[in-house]
Amino acid sequence: MFKPTFKPRKAYIDLSGISKSPLSLDSREGNFPCPTCSTWLSEAEIIKNNDFCPRCARHFAVTAWERIYSLCDEGTFEEWDSGLTSGNPLQFPDYDAKLQRASEDTHLPEAIITGKGIIGGMECVVGAMEPRFMMGSMGSVVGEKVCRAAEGAMERSLPLILSCCSGGARMQEGMLSLMQMAKTSAAIGRLNQAGLLYITILTHPTTGGVTASFASLADIIIGEPGALIGFTGPRVIEQTTGQKLPAGFQRSEYLLQHGMLDIIQPRLEMRSLLIRLLAVHQGGRNGQ
Amino acid sequence: MANNKFEFEAAYRLLENKLEELRQLSETLECDFSNEIANVEKRISQLRAERYKHLTPWEQVILSRDLERPMTRDYIDTLCTDFIELHGDRLYGDDPAIVGGIAVFGDRAVTVIGQQKGQDTAENIRHNFGMPRPEGFRKAHRLLKNAERFQRPVITFINTPGADPGIGAEERGQAWAISQLLLCLSSLRVPVVSVITGEGGSGGALALTIADRIIMLSNAVFSVASPETCASILLRDVKRAGEMAEALKLNAPALKDLRIIDAIVDEPLNENLLGAPDFVADLRSAISKHLDEVSAQPLDDLIRQRYQRLRVIGQFYEPDL
Ligand SMILES: [Zn+2]
C-alpha cells in the first residue's frame, strides 16, 4: 500500500469554520483546539492522524503539496508552470504586499500547483489549490494554470483531477479575476468535448467564483467530509437575508442530500477511490 | 435624469438660482441683460455636461444602479419587435429576475435574455432586485440551447447586483447553475452579443456576458464584486467604497483598456436614455454592427475566436524558458 512521505512541517489548522474556537492558536504551546469539537490536539497527533481530528473526524486543511503527495504514486509528480506569478495588473492597493506575504508564508508562487502524476499506475493531470495562499483565491495565475492543466490533459489524452479550495475570485485583480471563471469553464468545455474524464475534489472551503466555474463542471464531484461548499459564503447569506441557516447548511453532507455532489469520501480513502474511478474509466483495467 | 443624484449638482442649482435673481432684478431695473444671462446659462449647462462626462467611478456605480434607468424589458421593447416572453426552467420554477424570449431585431429573429430589475419597491420585490436564482440561470440555459437549435443569434442585456445570495438559491445549486451557463455560452453555436446596460455585478452578471462582442453603456459598470463588498472585506470599512470603485477599474473605458469589452455607447446627459432618439439609434446600430460582423463568420471560426477571447484574459509573469 502506498504511503506518502511527508516532509516534517508545522501542522496547519484552519479556524475559519462556522464553529470558530474562541481560543487562540498560540494559547498553548504546540497544541491546538479542534475548531469543531474543541478537543486539544498536539501537532504530532494531528500529523499522525493524517490531518483530521480523532474525536470528530473534522478534516483540517492540508497544503497543496501534501494533497498532491497524498494522491500521487510516490515520486511520480512532475510540476508544470511553476514559474507563473501574479503581477498587480490594476495597481490595486496593498496587493503586492499581500502576494509577497502569501508566498513567504506558503513557499509557493501562487494558489495552485498543477502537473502530471501517476495515481495507482495510471497517468493523470493533477492539481491542488493552496488554502493559505490568499485563501486559494482565483486570479489570473490560477485561471491560467487550470486552463493549461486542461490543455495538457487534452494534448496527452489524460484524465484531469483537481483538488479545489477557494474563497472565490481574487478581488485585487478586478474583472481579470472574474473572467477567469469564464476562461476556465471554456477550457473544461473543450476537455468535455475531447471525451476526457474530469474529477474535482471539493475541500473546505470551496466557495464563490471557483465553485461557480471549473469546480462544479466535473464529470464526478467528490466532497471531503464536513467541507463548506457553496456560492455565497454563510456569513454573507446570514447578513443579507437575516435568515437563520439550517443545521449543516452548505456542508458536504447537506450538498449530497441536495444533489450537488456525487460522493463524500474521507481523505484517507480518497486515493483508493480515485484509483477505482480511473480504472473503471479505462474500461476496468488498471494501468499496472 | 440624474439631476438630484449627486452633491455636485447643488453648486449648479445655486448658480441657476442666482441667475434667476439677476433676471428678476434686471426686469425691475428695466435693464436688458438677457444676452448676458443667456450666455451664463449656457456656460453653466456646458460646465455641468463637462462634469457628467467626468463622473468618478463611484458616481458611475451610483448612476448604474439608478432606478430611473431603463431596465432590460425596456431595452427589448425599444430595440426589438414581436418580443414573446418565454418562461420557466422546466425543473423548478420561473425566475422573474431573468427575462427572456424570442423577438425580431432589425430583420432577424433573435433570442433575447437579461436580468430584470424593477423600477419601484413593489416591482423590485417581484423581480428579486434583479438577482437571479438557479432557476433563472437554468431558464436562460434552456433558451440558449433553444436559440442554438433554431440558429437564432443571441442578445443579452446585463443589469444585476449579482446572483441571489439566499438559502434556497444555495440549496438548488446556484454555483452549479452559473457554471453550466458559462460552459454553455462559451461554445454555443450561434453569435452572441452582450450589452451591459447598468450594474454588471459579479458572477450573476458574468453568467450572461460570455459573448463574441460586449457593448457597454458609458455609465454602466462591470465588477468582480461590489465596491461596498470589497471595502468591507479588504478595508473593513464599507464607507470607503468610493476608493474601491476607483481601484477595481470597473467602468467602461477601463474595461475597454483591459480588452474585456469591445465598444462603448455614450449616454446622453440629463435625460431618459430611451427617450433620446440619438442614443437609441447609436445603441441599435452598435448591436447591429457587431451582430453583422460576427454573423458573417463561419461558425467554427466564431467558436474558436470566442474561446481565444477568453483564453487570453489575465496578466501574470512567466519566466523565459
Ligand atoms: Zn474535532
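**Interface between chains A and B**

In this predicted model, 43 residues of chain B are in contact with 48 residues of chain A. On the chain B side, the elements giving two or more residues include helices α7 (167–171), α8 (174–186), α9 (202–206), α10 (227–235) and α14 (299–311), along with strands β7 (221–223) and β9 (316–317). The largest share of that side, 8 residues, is supplied by α8(B).

Residue classes
- The side of chain B that touches chain A is made up of 27 nonpolar, 11 polar and 5 charged residues.

Strand pairing across the interface
- Strand β4 of chain A, residues 85–86, is joined to β9(B) by 2 bridges.
- The strands β4(A) and β9(B) run antiparallel.
- T85(A) has Y317(B) as its bridge partner in β9(B).

- Helix α5 of chain A, residues 174–193, meets α8(B) with the two axes coming within 8 Å and crossing at roughly 70°.
- Angles of 65 to 115 degrees count as roughly perpendicular, so α5(A) is roughly perpendicular to α8(B).
- The crossing of α5(A) and α8(B) is right-handed.
- From α5(A), the contact is made by M181(A), A182(A), S185(A), A186(A), I188(A) and G189(A).
- From α8(B), the contributing residues are S179(B), L182(B), L183(B) and S186(B).
- By class, the contact of α5(A) with α8(B) has 6 nonpolar and 4 polar residues, and no charged residues.

Methods: Residues numbered from 1 in each chain as written. Chains lettered and ligands numbered in written order. Predicted model: local features only at pLDDT ≥ 70, side-chain atom pairs only at ≥ 80, totals over all residues. Contact = placed C-beta atoms within 7 Å. Helix = DSSP H or I, 4+ residues; strand = E, 2+ residues; numbered from the N terminus. Nonpolar A, V, L, I, M, F, W, Y, C, P; charged D, E, K, R; others polar. Pairing = 2+ DSSP bridges. Axes fitted to C-alpha atoms, helices over the stretch in contact; angles between N-to-C directions. Parallel < 35°, antiparallel > 145°, perpendicular 65-115°, else oblique. Left-handed = near helix turned anticlockwise from the far one by under 90°.
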